[in-house]
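I have opened a new notebook page for this structure. Come along while I look a few things up.

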Amino acid sequence: MRFRMVFSVLITLALVVGGCGSAETDAGDSPTAAPGTTAPPTSATTTTTTTAATTTTTTSATTTTVANDGQFTVLTDEVVYHEDDDGAWEMKVFYPDGDGPWPLVVVYHGIPEGPSVTEARTIAARGAVAMAPRWVKVFPPEMTREEYIDGALFDRAACAVNEAQRLAPDYGADPTQTTISGFSAGMHAAGWVGLGIVRNDLCQTPMLAQPVNVVLGDAQFLFYEDGFDDSLADPDSPAADTVDRFVNPERYNVSEDLSVYLWTSGFRHGRDVEVSPPADSWIGLRNTTGTLLDDLTAVGAFEDEWLDWMDCGHLMEMRMTNAGIDVLHEAVGGGHRYGAKVYDTIAELIGG
């Protein structure tokens with residue numbers, strides 16, 4: 001399918017909503033999904049154990065039966081995609097019980113692992129191999145904003161895609177048909193690798209093929225919470241370079257055939273901003289390209305004196321389109337979570 005024109009660390013309550021969700025916003029942590037979401041499948045009792053032939057560790061594989069007609073029975077593995085001084089970094093693997101070749105989808109959520117597991121399982125049930133990496137272990141307040149916007153977390157998280165591509169044939173997946181999906185804080189890890197903006201290659205496994213699709217939901221490209229202001233004002237911090245890598249398509253390294261799907265929920269999360277902000281304002285700190293204020297004005301971001309996920313989506317749709325990237329930005333409504341519309345669009349993307 002081709003489209004044409006169509007976080008932050010969670011330290012304050014607002015960031016908990018923005019990155020982790022809450023009882024209202026994330027149905028993925030509950031056995032029963034909220035209205036408008038896809039209910040998670042039920043697990044069967046059969047369990048088998050497999051062993052990887054390499055240093056990657058594969059543990060229990062549990063059969064998961066999907067109740068909805070027309071979907072696939074899903075098998076589950078867990079593998080280690082990277083090891084460093086912080087220990088082993090695992091990701092769950094969900095794959096259809098049937099012959100491929102399947103598209104490969106790597107799913108990054110925010111800080112908690114639970115929702116990404118639900119999201120990946122639901123995607124796999126539609127006919128894909130979906131892998132959900134754990135990419136953060138130290139939660140706020142132990143992790144500072146400076147440590148987050150430094151980008152090293154994203155560099156390490158990118159290794160999940162490389163290892164997923166290496167393992168793809170073991171699960172009947174085609175590594176050349178890789179989709180990266182990120183949501184909330186997980187958008188930063190997904191965008192970092194999906195848009196080819198990795199700063200330092202920390203991975204033991206090389207990337208085999210550039211992603212063909214990138215899906216970014218409720219995306220805070222501008223790191224607009226005030227907790228990032230000090231880092232962005234510090235000339236010795238990599239923060240401004242991190243922001244520029246996200247918002248400046250000239251920094252991307254992507255396939256000519258890449259499709260980008262940006263989606264924005266109806267959940268309100270943003271920051272007050274003046275109608276005509278001065279150059280030295282908080283938004284001015286994020287003006288890495290020199291055109292940010294003009295670009296935000298062009299998409300009407302200042303009209304309600306509030307900058308939010310929707311404004312970020314409009315900004316990046318315009319910038320990506322101007323850079324020749326095939327992009328669609330949609331307002332999908334609902335709470336801060338994957339809804340049926342998002343799953344349907346991902347299925348359409350990966351289905352070709």
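Predicted model: local features only at pLDDT ≥ 70, side-chain atom pairs only at ≥ 80, totals over all residues.

**Entry 1: a hairpin**

I looked up strand 3 and strand 4 to begin. They form a hairpin, with two residues between them. I noted that strand 3 covers residues 74–84 and that strand 4 covers residues 87–96. Their pairing is antiparallel and runs over 10 bridges. As one example of who faces whom, I found V74 opposite P96 of strand 4. Is strand 3 mostly covered or mostly open? It is mostly covered, since eight of its 11 residues are buried. I jotted down a reminder for reading strands: in a regular strand the side chains alternate between the two faces of the sheet.

**Entry 2: aromatic rings**

Next I searched for aromatic pairs, and the whole structure has 17 of them. One pair I opened is Y148 with F228: the ring centres are 6.5 Å apart and the planes stand at 40°, so I wrote it down as tilted.

Then I turned to F183 and W263, an aromatic pair that is stacked, at 5.3 Å centre to centre and 10° between the planes. Here too distant parts of the chain are linked: F183 is in strand 7 (residues 173–183) and W263 in strand 9 (residues 259–264), 80 residues apart. Why does F183 count as buried? Its relative accessibility is 0%, and the cut-off for buried is under 20%. W263 counts as buried as well, because its relative accessibility is 1%.

I also listed one aromatic cluster, made of W135, Y148, F154, W192, F223, F228 and F246. R145 lies over the face of F228, 5.2 Å from the ring centre. R271 lies over the face of W282, at 4.1 Å from the ring centre.

How many of the nine residues of helix 8 (residues 239–247) are buried? I found seven, so the helix is largely enclosed by the rest of the structure. The buried ones are A239, T242, V243, D244, R245, F246 and V247. Among the elements covering them I noted helix 3, helix 4 (152–157), helix 6 (186–194), helix 7 and helix 10 (309–322).

I then took a look at helix 6 against helix 8. Their axes are 10 Å apart and pack at an angle of about 70°. The two helices are therefore roughly perpendicular to each other, as that term takes in angles from 65 to 115 degrees. Where they meet, M187, H188, G191 and W192 of helix 6 touch T242, R245 and F246 of helix 8.

**Entry 3: a loop residue**

Last, I looked up V212, which is in the loop between helix 6 and strand 8. Is V212 buried or exposed? It counts as buried, because its relative accessibility is 19%. V212 and T179 are 33 residues apart in sequence, yet their C-alpha atoms are 5.9 Å apart in space. Leaving aside neighbours within four places in sequence, I listed the contacts of V212 as T176, Q177, T178, T179, D257, L258 and S259.

Definitions and conventions: Residues numbered from 1 in each chain as written. Heavy atoms only, no water. Buried < 20%, exposed > 50% of the residue type's maximum accessible area, 1.4 Å probe, protein only. Helix = DSSP H or I, 4+ residues; strand = E, 2+ residues; numbered from the N terminus. Pairing = 2+ DSSP bridges. Phe/Tyr/Trp six-rings, centres within 6.5 Å; stacked < 30°, edge-to-face > 60°. Lys NZ or Arg CZ within 6 Å of the ring centre and 35° of its normal. Contact = heavy atoms within 4.5 Å. Axes fitted to C-alpha atoms, helices over the stretch in contact; angles between N-to-C directions. Parallel < 35°, antiparallel > 145°, perpendicular 65-115°, else oblique.
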